[in-house]
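I opened the notebook to record what I looked up in this structure, entry by entry. I wanted to follow the charged side chains and to keep an eye on confidence along the way.

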Amino acid sequence: LKDCFPNIRLAQVKLGRTDSAIKCRSKKLKLYYAPSIELWYEKIPIEIRSYIAGHFDGEGCASFRKRKEVMSPVLSVHVCHKPVLELYKNYFNGNLDKGSKRGNQRKIIYRWKLVGYEDVYNFILSVLPFSLEKKDQLLCLKEYIDSYLNNGRKVGFEDSFKKLSINLHLKCTQLKTV
């Protein structure tokens, strides 16, 4: 494992183990795991990217959620028109859930939610040039992921990274109230 680490794919082939088994064993050996993100957003047509950016500016939510010891980026959209959310899911992955009627509502609300670092990062890079209202919030999430990629992942998160995640969460929350 030490010979092929941090290349998880190479370790899978050489050792014949699953991704999670290799990560678990590497934690026990205190091996450094350098996360990587594949960029694929440029394959999405510019018309789709600009439409989704405008739609997300009006209906979307860029935020953080508590995950283990740090905050983690989340993107979501809640709307009644399901085909729009299917567009999000088709191009950026994520989960599409059917909500329930609340109170006097006649229509069902659908929710698209995106939490994977690679998908969130590609979404941000895709819509950032076109975003107006949510641009600063998206930049907070991008800064978090950039920091995560630069620092890598060891057995636990460093205190400086924990503080950064909390500060970016607070900044993102304050941007929503402006």
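**Charged pairs, confidence and a backbone angle**

I began in helix α6 (residues 135-151), where Lys142 and Asp146 are four residues apart and therefore separated by about one helical turn. I then checked the side chains of these two residues and found a salt bridge between Lys142 and Asp146, with the closest N and O atoms 2.9 Å apart. For Asp146 I noted a relative accessible area of 22%, so this residue is partly exposed.

Before going further I recorded that the model is predicted, and I looked up its confidence. The mean pLDDT of the protein is 84, and 84% of its residues reach 70 or more. By element, the lowest confidence falls in helix α1 (residues 8-15), with a mean of 69, while the highest falls in helix α3 (residues 46-59), at 96.

Next I asked how many salt bridges a search of the whole structure finds.

In helix α7 (residues 159-177), Lys162 and Asp159 lie three residues apart, about one turn of the helix, and their side chains meet in a salt bridge at 4.0 Å, N to O. I wrote down Asp159 as exposed because its relative accessibility is 53%, above the 50% cut-off, whereas Lys162, at 24%, counts as partly exposed.

The other pair I examined is Asp97 with Arg111, whose side chains form a salt bridge of 2.7 Å, N to O. This pair links distant parts of the chain, since Asp97 belongs to strand β3 and Arg111 to strand β4 (residues 110-114), 14 residues apart. Both partners came out as partly exposed, Asp97 with a relative accessible area of 30% and Arg111 with a relative accessibility of 30%.

I then turned to surface charge and found a positive patch formed by Lys27, Arg65, Arg67 and Lys68. Of these residues I placed Arg65 in strand β1 (residues 60-67), and its 31% relative accessibility makes Arg65 partly exposed.

My last entry concerns the backbone at Asn93, which has a positive phi of about 75 degrees although this residue is not a glycine. Most residues other than glycine have a negative phi. I located Asn93 in the loop between α4 (82-92) and β3 (95-98), and its relative accessible area of 37% makes Asn93 partly exposed.

How values were computed:
Residues numbered from 1 in each chain as written. Predicted model: local features only at pLDDT ≥ 70, side-chain atom pairs only at ≥ 80, totals over all residues. Heavy atoms only, no water. Patch = residues over 30% accessible without salt bridge, like charges linked within 9 Å, V, L, I, M, F, W, Y side chains within 5 Å. Areas by Shrake-Rupley, 256 points an atom, 1.4 Å probe, with all protein chains shown as cover. Lys, Arg positive; Asp, Glu negative; His and termini not counted. Charge placed at Lys NZ, Arg CZ, Asp CG, Glu CD. Helix = DSSP H or I, 4+ residues; strand = E, 2+ residues; numbered from the N terminus. Buried < 20%, exposed > 50% of the residue type's maximum accessible area, 1.4 Å probe, protein only. pLDDT = per-residue confidence, 0-100.
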